[in-house]
Amino acid sequence: MSSSKQIRIVISVWAALMLCLGLTIALAAIPMGPFNTVVSMGISFIKAMLVVQFYMHLRTAIVALRLASLPAIALLGALFFIATVDYLTRVEPFSPWQ
Amino acid sequence: MRTALFDESNQVRFGVWVFLASEIMFFGPVFLGYAIARYALSSGFDEAASSTNLVIGAFNTAILLTSSAAVAMAVVLSREHEDQKVKRSLEVTIGMGALFMILKAVEYWQDWQEGLIPGDQFFLASSSDQRAAELFYSLYFFSTLLHSVHLLIGLGLLTGCRIQYAGTARNLRRLEGYALYWHFVDVIWIFLFPLLYLVGRAA
(Lines give C-alpha, C1' and ligand atoms only; values in the text may rest on other atoms or scores of the structure.)
Protein backbone atom coordinates (compact mmCIF):
# COMPACT_ATOMS: atom_id res chain seq x y z
CA MET A 1 0.00 0.00 0.00
CA SER A 2 1.41 3.41 -0.94
CA SER A 3 2.02 5.89 1.86
CA SER A 4 -0.31 8.51 0.35
CA LYS A 5 -3.09 5.92 0.42
CA GLN A 6 -2.27 5.04 4.03
CA ILE A 7 -2.33 8.71 5.00
CA ARG A 8 -5.74 9.04 3.33
CA ILE A 9 -6.95 6.04 5.38
CA VAL A 10 -5.74 7.66 8.64
CA ILE A 11 -7.61 10.87 7.81
CA SER A 12 -10.78 9.08 6.63
CA VAL A 13 -10.89 6.96 9.79
CA TRP A 14 -10.43 10.11 11.91
CA ALA A 15 -13.38 11.73 10.08
CA ALA A 16 -15.50 8.60 10.67
CA LEU A 17 -14.58 8.62 14.39
CA MET A 18 -15.62 12.27 14.71
CA LEU A 19 -18.89 11.52 12.93
CA CYS A 20 -19.55 8.65 15.36
CA LEU A 21 -18.80 10.94 18.30
CA GLY A 22 -21.30 13.55 17.07
CA LEU A 23 -23.87 10.84 16.39
CA THR A 24 -23.56 9.22 19.82
CA ILE A 25 -23.98 12.59 21.60
CA ALA A 26 -27.01 13.49 19.46
CA LEU A 27 -28.68 10.09 19.93
CA ALA A 28 -28.12 10.21 23.72
CA ALA A 29 -30.58 13.14 23.88
CA ILE A 30 -33.41 11.12 22.29
CA PRO A 31 -35.41 9.09 24.85
CA MET A 32 -35.23 5.42 23.81
CA GLY A 33 -35.35 3.77 27.23
CA PRO A 34 -32.89 0.89 27.55
CA PHE A 35 -32.01 1.26 23.88
CA ASN A 36 -30.04 4.43 24.64
CA THR A 37 -27.37 2.25 26.23
CA VAL A 38 -27.58 -0.32 23.42
CA VAL A 39 -27.13 2.40 20.78
CA SER A 40 -24.26 4.18 22.59
CA MET A 41 -22.43 0.91 23.24
CA GLY A 42 -22.99 -0.12 19.60
CA ILE A 43 -21.45 3.13 18.36
CA SER A 44 -18.56 2.71 20.84
CA PHE A 45 -17.96 -0.77 19.44
CA ILE A 46 -17.84 0.64 15.88
CA LYS A 47 -15.37 3.34 17.00
CA ALA A 48 -13.22 0.78 18.81
CA MET A 49 -13.20 -1.47 15.72
CA LEU A 50 -12.13 1.46 13.52
CA VAL A 51 -9.20 2.17 15.86
CA VAL A 52 -8.25 -1.49 16.28
CA GLN A 53 -8.52 -2.50 12.62
CA PHE A 54 -7.05 0.60 10.97
CA TYR A 55 -4.89 2.46 13.52
CA MET A 56 -3.62 -0.67 15.28
CA HIS A 57 -3.33 -2.40 11.87
CA LEU A 58 -5.06 -5.58 13.03
CA ARG A 59 -6.71 -5.74 9.59
CA THR A 60 -3.38 -6.50 7.93
CA ALA A 61 -1.62 -8.16 10.90
CA ILE A 62 -0.36 -11.75 11.01
CA VAL A 63 -2.65 -14.34 12.64
CA ALA A 64 -0.60 -14.52 15.87
CA LEU A 65 -1.32 -10.83 16.54
CA ARG A 66 -5.00 -11.19 15.78
CA LEU A 67 -5.27 -14.08 18.22
CA ALA A 68 -3.15 -12.56 21.00
CA SER A 69 -5.94 -10.72 22.82
CA LEU A 70 -8.72 -13.26 22.19
CA PRO A 71 -8.08 -15.47 25.29
CA ALA A 72 -8.36 -12.40 27.54
CA ILE A 73 -11.61 -11.30 25.91
CA ALA A 74 -13.03 -14.85 26.16
CA LEU A 75 -12.03 -15.16 29.83
CA LEU A 76 -13.50 -11.75 30.61
CA GLY A 77 -16.70 -12.80 28.81
CA ALA A 78 -16.90 -15.90 31.06
CA LEU A 79 -16.33 -13.74 34.16
CA PHE A 80 -19.08 -11.32 33.07
CA PHE A 81 -21.43 -14.22 32.37
CA ILE A 82 -20.89 -15.96 35.72
CA ALA A 83 -21.13 -12.72 37.73
CA THR A 84 -24.26 -11.60 35.85
CA VAL A 85 -26.01 -14.94 36.37
CA ASP A 86 -25.15 -14.70 40.08
CA TYR A 87 -26.58 -11.21 40.52
CA LEU A 88 -29.66 -11.74 38.36
CA THR A 89 -30.73 -14.92 40.15
CA ARG A 90 -30.46 -13.69 43.75
CA VAL A 91 -33.77 -13.86 45.55
CA GLU A 92 -32.88 -11.36 48.28
CA PRO A 93 -32.57 -7.77 47.07
CA PHE A 94 -28.87 -7.06 46.91
CA SER A 95 -26.81 -4.01 47.46
CA PRO A 96 -24.31 -3.53 44.66
CA TRP A 97 -20.72 -4.66 45.13
CA GLN A 98 -21.34 -7.13 47.91
CA MET B 1 9.86 -18.54 4.63
CA ARG B 2 7.89 -19.16 7.80
CA THR B 3 10.38 -17.54 10.15
CA ALA B 4 10.46 -14.30 8.15
CA LEU B 5 6.87 -13.60 9.18
CA PHE B 6 7.87 -13.42 12.82
CA ASP B 7 10.60 -10.84 12.39
CA GLU B 8 11.65 -8.39 15.08
CA SER B 9 8.84 -5.92 14.28
CA ASN B 10 6.22 -8.62 14.74
CA GLN B 11 7.89 -9.78 17.95
CA VAL B 12 7.48 -6.28 19.38
CA ARG B 13 3.89 -6.08 18.18
CA PHE B 14 3.09 -9.51 19.63
CA GLY B 15 4.61 -8.57 22.99
CA VAL B 16 2.53 -5.39 23.12
CA TRP B 17 -0.67 -7.22 22.11
CA VAL B 18 -0.18 -9.79 24.89
CA PHE B 19 0.39 -6.94 27.35
CA LEU B 20 -2.77 -5.21 26.08
CA ALA B 21 -4.67 -8.47 26.61
CA SER B 22 -3.70 -8.32 30.30
CA GLU B 23 -4.83 -4.68 30.33
CA ILE B 24 -8.25 -5.76 29.00
CA MET B 25 -8.48 -8.03 32.06
CA PHE B 26 -7.46 -5.08 34.24
CA PHE B 27 -10.10 -2.65 32.93
CA GLY B 28 -12.84 -5.19 32.27
CA PRO B 29 -14.07 -5.62 35.87
CA VAL B 30 -14.52 -1.83 36.15
CA PHE B 31 -17.17 -2.10 33.43
CA LEU B 32 -18.72 -5.12 35.14
CA GLY B 33 -18.91 -3.20 38.42
CA TYR B 34 -20.56 -0.35 36.57
CA ALA B 35 -23.13 -2.67 34.95
CA ILE B 36 -24.08 -4.29 38.27
CA ALA B 37 -24.29 -0.99 40.17
CA ARG B 38 -26.43 0.54 37.43
CA TYR B 39 -28.71 -2.49 37.32
CA ALA B 40 -29.27 -2.30 41.08
CA LEU B 41 -29.71 1.48 41.35
CA SER B 42 -31.01 2.40 37.89
CA SER B 43 -32.75 5.77 38.30
CA GLY B 44 -30.47 7.27 40.96
CA PHE B 45 -27.42 6.09 39.04
CA ASP B 46 -28.61 7.61 35.75
CA GLU B 47 -29.50 10.86 37.51
CA ALA B 48 -25.94 11.13 38.83
CA ALA B 49 -24.45 10.28 35.41
CA SER B 50 -26.31 13.20 33.82
CA SER B 51 -24.60 15.61 36.24
CA THR B 52 -21.09 15.15 34.77
CA ASN B 53 -19.59 17.87 32.57
CA LEU B 54 -20.65 16.79 29.05
CA VAL B 55 -18.87 19.67 27.29
CA ILE B 56 -15.45 18.77 28.72
CA GLY B 57 -16.16 15.04 28.27
CA ALA B 58 -17.08 15.42 24.58
CA PHE B 59 -14.19 17.79 23.91
CA ASN B 60 -11.75 15.39 25.59
CA THR B 61 -13.06 12.50 23.48
CA ALA B 62 -12.46 14.49 20.30
CA ILE B 63 -8.95 15.40 21.54
CA LEU B 64 -8.06 11.79 22.31
CA LEU B 65 -9.40 10.49 18.98
CA THR B 66 -7.36 13.16 17.19
CA SER B 67 -4.21 12.24 19.15
CA SER B 68 -4.74 8.63 18.08
CA ALA B 69 -4.96 9.74 14.44
CA ALA B 70 -1.75 11.77 14.89
CA VAL B 71 0.23 8.83 16.28
CA ALA B 72 -1.17 6.54 13.54
CA MET B 73 0.08 9.14 11.06
CA ALA B 74 3.51 9.10 12.76
CA VAL B 75 3.72 5.31 12.27
CA VAL B 76 2.82 5.59 8.56
CA LEU B 77 5.36 8.39 8.06
CA SER B 78 8.09 6.52 9.96
CA ARG B 79 7.91 3.71 7.41
CA GLU B 80 8.58 6.28 4.71
CA HIS B 81 11.52 7.66 6.74
CA GLU B 82 9.99 11.14 6.84
CA ASP B 83 11.77 11.80 10.14
CA GLN B 84 10.84 15.47 10.52
CA LYS B 85 7.16 14.78 9.84
CA VAL B 86 7.23 11.88 12.31
CA LYS B 87 8.53 14.25 14.99
CA ARG B 88 5.83 16.83 14.18
CA SER B 89 3.12 14.12 14.38
CA LEU B 90 4.49 12.94 17.72
CA GLU B 91 4.47 16.51 19.02
CA VAL B 92 0.81 16.85 18.02
CA THR B 93 0.03 13.56 19.81
CA ILE B 94 1.85 14.62 22.99
CA GLY B 95 0.23 18.08 22.90
CA MET B 96 -3.25 16.56 22.55
CA GLY B 97 -2.56 14.12 25.40
CA ALA B 98 -1.38 16.97 27.63
CA LEU B 99 -4.47 19.03 26.73
CA PHE B 100 -6.65 16.06 27.70
CA MET B 101 -4.97 15.91 31.12
CA ILE B 102 -5.35 19.67 31.66
CA LEU B 103 -9.09 19.53 30.86
CA LYS B 104 -9.47 16.48 33.09
CA ALA B 105 -7.77 18.40 35.92
CA VAL B 106 -10.18 21.32 35.39
CA GLU B 107 -13.06 18.85 35.58
CA TYR B 108 -11.73 17.26 38.79
CA TRP B 109 -11.32 20.73 40.29
CA GLN B 110 -14.96 21.52 39.48
CA ASP B 111 -16.06 18.19 41.00
CA TRP B 112 -14.05 19.05 44.12
CA GLN B 113 -15.68 22.50 44.35
CA GLU B 114 -19.13 20.94 43.99
CA GLY B 115 -18.46 18.41 46.77
CA LEU B 116 -18.65 15.35 44.54
CA ILE B 117 -15.68 13.50 46.05
CA PRO B 118 -17.13 10.27 47.56
CA GLY B 119 -17.01 10.31 51.36
CA ASP B 120 -18.78 11.92 54.33
CA GLN B 121 -19.09 15.30 52.62
CA PHE B 122 -20.50 13.95 49.37
CA PHE B 123 -23.63 15.75 48.21
CA LEU B 124 -25.14 15.99 44.73
CA ALA B 125 -27.87 18.65 44.81
CA SER B 126 -29.72 17.36 41.73
CA SER B 127 -29.95 13.80 43.07
CA SER B 128 -32.84 12.13 44.89
CA ASP B 129 -30.69 9.13 45.84
CA GLN B 130 -27.38 10.20 47.42
CA ARG B 131 -26.19 6.61 47.88
CA ALA B 132 -26.57 5.82 44.17
CA ALA B 133 -24.96 9.14 43.22
CA GLU B 134 -22.00 8.48 45.51
CA LEU B 135 -21.50 5.03 44.02
CA PHE B 136 -21.62 6.50 40.52
CA TYR B 137 -18.99 9.07 41.44
CA SER B 138 -16.80 6.39 43.05
CA LEU B 139 -16.87 4.56 39.72
CA TYR B 140 -16.36 7.80 37.81
CA PHE B 141 -13.24 8.71 39.80
CA PHE B 142 -11.81 5.20 39.84
CA SER B 143 -12.22 4.62 36.10
CA THR B 144 -11.08 8.09 34.98
CA LEU B 145 -8.10 8.09 37.36
CA LEU B 146 -7.06 4.61 36.20
CA HIS B 147 -7.38 5.85 32.62
CA SER B 148 -5.42 9.02 33.42
CA VAL B 149 -2.55 7.01 34.95
CA HIS B 150 -2.36 5.02 31.72
CA LEU B 151 -2.45 8.21 29.68
CA LEU B 152 0.36 9.79 31.73
CA ILE B 153 2.51 6.68 31.22
CA GLY B 154 1.76 6.89 27.49
CA LEU B 155 2.74 10.56 27.46
CA GLY B 156 6.06 9.71 29.15
CA LEU B 157 6.78 6.92 26.66
CA LEU B 158 5.91 9.03 23.61
CA THR B 159 7.95 11.98 24.90
CA GLY B 160 10.97 9.69 25.31
CA CYS B 161 10.36 8.34 21.81
CA ARG B 162 10.16 11.87 20.37
CA ILE B 163 13.39 13.00 22.07
CA GLN B 164 15.36 9.97 20.89
CA TYR B 165 13.78 9.67 17.45
CA ALA B 166 16.37 9.45 14.68
CA GLY B 167 14.62 7.12 12.25
CA THR B 168 16.58 3.97 13.14
CA ALA B 169 14.96 0.52 12.88
CA ARG B 170 14.89 0.37 16.70
CA ASN B 171 13.17 3.78 16.85
CA LEU B 172 10.53 2.55 14.40
CA ARG B 173 9.78 -0.57 16.44
CA ARG B 174 9.51 1.41 19.67
CA LEU B 175 7.26 3.99 18.05
CA GLU B 176 4.93 1.29 16.79
CA GLY B 177 4.78 -0.43 20.20
CA TYR B 178 3.99 2.83 21.99
CA ALA B 179 1.42 3.72 19.33
CA LEU B 180 -0.41 0.42 19.95
CA TYR B 181 -0.53 1.23 23.69
CA TRP B 182 -1.75 4.78 23.00
CA HIS B 183 -4.56 3.47 20.77
CA PHE B 184 -5.56 1.03 23.51
CA VAL B 185 -5.86 3.87 26.05
CA ASP B 186 -8.02 5.66 23.48
CA VAL B 187 -10.26 2.59 23.05
CA ILE B 188 -10.83 2.44 26.84
CA TRP B 189 -11.96 6.07 26.76
CA ILE B 190 -14.26 5.33 23.79
CA PHE B 191 -16.22 3.02 26.12
CA LEU B 192 -15.94 5.16 29.26
CA PHE B 193 -17.24 8.32 27.58
CA PRO B 194 -20.86 7.21 26.88
CA LEU B 195 -21.12 5.40 30.23
CA LEU B 196 -19.93 8.35 32.32
CA TYR B 197 -21.21 11.30 30.29
CA LEU B 198 -24.16 10.25 28.13
CA VAL B 199 -26.22 8.07 30.46
CA GLY B 200 -29.42 9.72 31.65
CA ARG B 201 -29.22 12.64 29.19
CA ALA B 202 -32.49 11.79 27.41
CA ALA B 203 -35.09 13.62 29.47
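**The interface between chain A and chain B**

In this predicted model, the rule finds 5 residue pairs in polar contact across the interface of chain A and chain B, both partners of each pair being at pLDDT 80 or more. Chain A brings 48 residues to the contact, and chain B brings 53.

Two or more residues each come from α1 (3-28), α2 (35-55), α3 (63-68) and α4 (70-88) of chain A. The most is given by α1(A), with 12 residues. By residue type, the side of chain A that touches chain B holds 36 nonpolar, 11 polar and 1 charged.

One helix pairing can be followed in detail. The axes of α1(A) and of helix α4 of chain B, residues 54-79, come within 10 Å and cross at roughly 170°. Angles over 145 degrees count as roughly antiparallel, and α1(A) and α4(B) are therefore roughly antiparallel to each other. On the α1(A) side, the residues making the contact include I7(A), V10(A), I11(A), W14(A), L17(A) and M18(A). On the α4(B) side, A62(B), L65(B), A69(B), M73(B), V76(B) and R79(B) are among them.

Definitions and conventions
Residues are numbered from 1 along each chain as its sequence is written. Chains are lettered from A and ligands numbered from 1 in the order in which they are written. This is a predicted model: local features need pLDDT of at least 70, side-chain atom pairs count only at pLDDT 80 or more; totals for chains, interfaces and linings use all residues. Side-chain values use heavy atoms; hydrogens and water are left out. Contact means heavy atoms within 4.5 Å. A polar contact is a pair of N or O atoms within 3.5 Å; within protein, one must be able to donate a hydrogen and the other to accept it, and residues adjacent in sequence count only if both atoms are side-chain atoms. Helices (H or I, at least four residues) and strands (E, at least two) are DSSP runs, numbered from the N terminus. Ala, Val, Leu, Ile, Met, Phe, Trp, Tyr, Cys and Pro count as nonpolar, Asp, Glu, Lys and Arg as charged, and the others, Gly among them, as polar. Axes are lines fitted to C-alpha atoms, for helices over the stretch in contact, and angles run from 0 to 180 degrees between N-to-C directions. Angles under 35 degrees count as roughly parallel, over 145 as roughly antiparallel, 65 to 115 as roughly perpendicular and the rest as oblique.
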